[in-house]
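Me: I have a chain to look at, and I want to know what the terms rest on. Can we go through it step by step?

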Amino acid sequence: MAESGELARGECVSGGQAARSRVAKRGDFRVPPPDDTVPAPKPGGMGYRFVKRSFDIVFSAAVCAVLALPVAVLCLLVVLDSPGSPFFRQERIGLNGKKIRIWKIRTMVTDAHTNPERYMTPEQLEQWEREQKVDDDPRITRIGRLLRNTSLDELPQFLNVLTGDLSVIGPRPVTIEETYEFGNARDEFLSVKPGITGWWQVTERNNATWENGDRQMLELFYVRHASLALDLRIFVRTFKAMGSGQ
């Protein structure tokens with residue numbers, strides 16, 4: 001396993017200080033070349049990919065079996081709080097640019113995506129269109145806020161892991177428009193299967209945005225250093241982040 005100091009250094013590199021000043025709009029991002037002088041986990045090979053897929057199948061099957069009833073209860077609470085389907089499917093881009101549809105428990109009002117202007121101020125709408133997230137989003141329901149704070153809304157995505165569209169750990173699934181935020185590193189980003197949790201989510205999630213370039217650098221750090229050591233670190237940190245409501 002990589003030393004914690006190496007991973008901490010990776011966070012610093014992912015911060016992309018140089019990227020902050022030059023990333024202003026979608027497509028402008030230019031990733032610095034890999035720096036072999038920076039200590040970081042060595043990327044895994046064929047054996048790593050085999051172990052990773054085996055873990056994905058076994059772990060996801062266990063989660064689906066154990067949490068089937070709790071998820072059913074959560075779905076009932078969602079419907080009671082906000083009428084409509086308890087599930088929500090989002091189109092995202094997977095490995096090598098393949099279009100996928102990921103499952104989530106609905107956390108917003110039913111017309112959140114079709115009529116966002118009904119609930120948001122112009123400033124919030126602008127932030128949503130760029131980042132796909134808004135601070136204190138007014139469209140989130142009462143139960144939805146609890147689900148998001150604990151990441152329970154993402155439990156159905158383990159079905160996507162079983163089908164092979166997602167991995168448990170990997171870059172955040174993004175929209176087709178968001179893939180262009182990676183600029184000249186778009187193909188490199190798409191070379192790795194997206195995951196339910198990842199390096200961006202467990203490090204600087206609230207502060208790293210497309211606009212300042214930090215989001216791209218964190219995701220690309222994982223793409224370039226994906227390994228059992230890094231995956232284990234992310235797996236442990238995920239539970240800490242869930243406990244803290246991030």
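Me: What is the bridge partner of arginine 92 in strand 2?

Reply: The partner is isoleucine 100. This is a predicted model: local features need pLDDT of at least 70, side-chain atom pairs count only at pLDDT 80 or more, and totals for chains, interfaces and linings use all residues. Residues are numbered from 1 along each chain as its sequence is written, and side-chain values use heavy atoms, leaving out hydrogens and water.

Me: Why are strand 1 and strand 2 called paired?

Reply: Pairing takes at least two bridges found by DSSP. Seven bridges join strand 1 (residues 87-93) to strand 2 (residues 99-105), so they pair. They run antiparallel. A strand is a DSSP run of E, at least two residues; a helix is a run of H or I, at least four; both are numbered from the N terminus.

Me: What makes up the turn of the hairpin?

Reply: Five residues lie between the two strands. Asparagine 96 in the turn has a positive phi of about 60°.

Me: How do you know how confident the predictor is?

Reply: pLDDT is its confidence in each residue, from 0 to 100. The chain's mean is 86, and 88% of residues reach 70 or more. Over residues 1-9, pLDDT stays under 50. Residues 12-23 are also below 50.

Me: Which residues of the pocket lining count as charged, and how many are there?

Reply: Asp, Glu, Lys and Arg count as charged. The lining of the largest pocket has 17 of them.

Key: Contact means heavy atoms within 4.5 Å.
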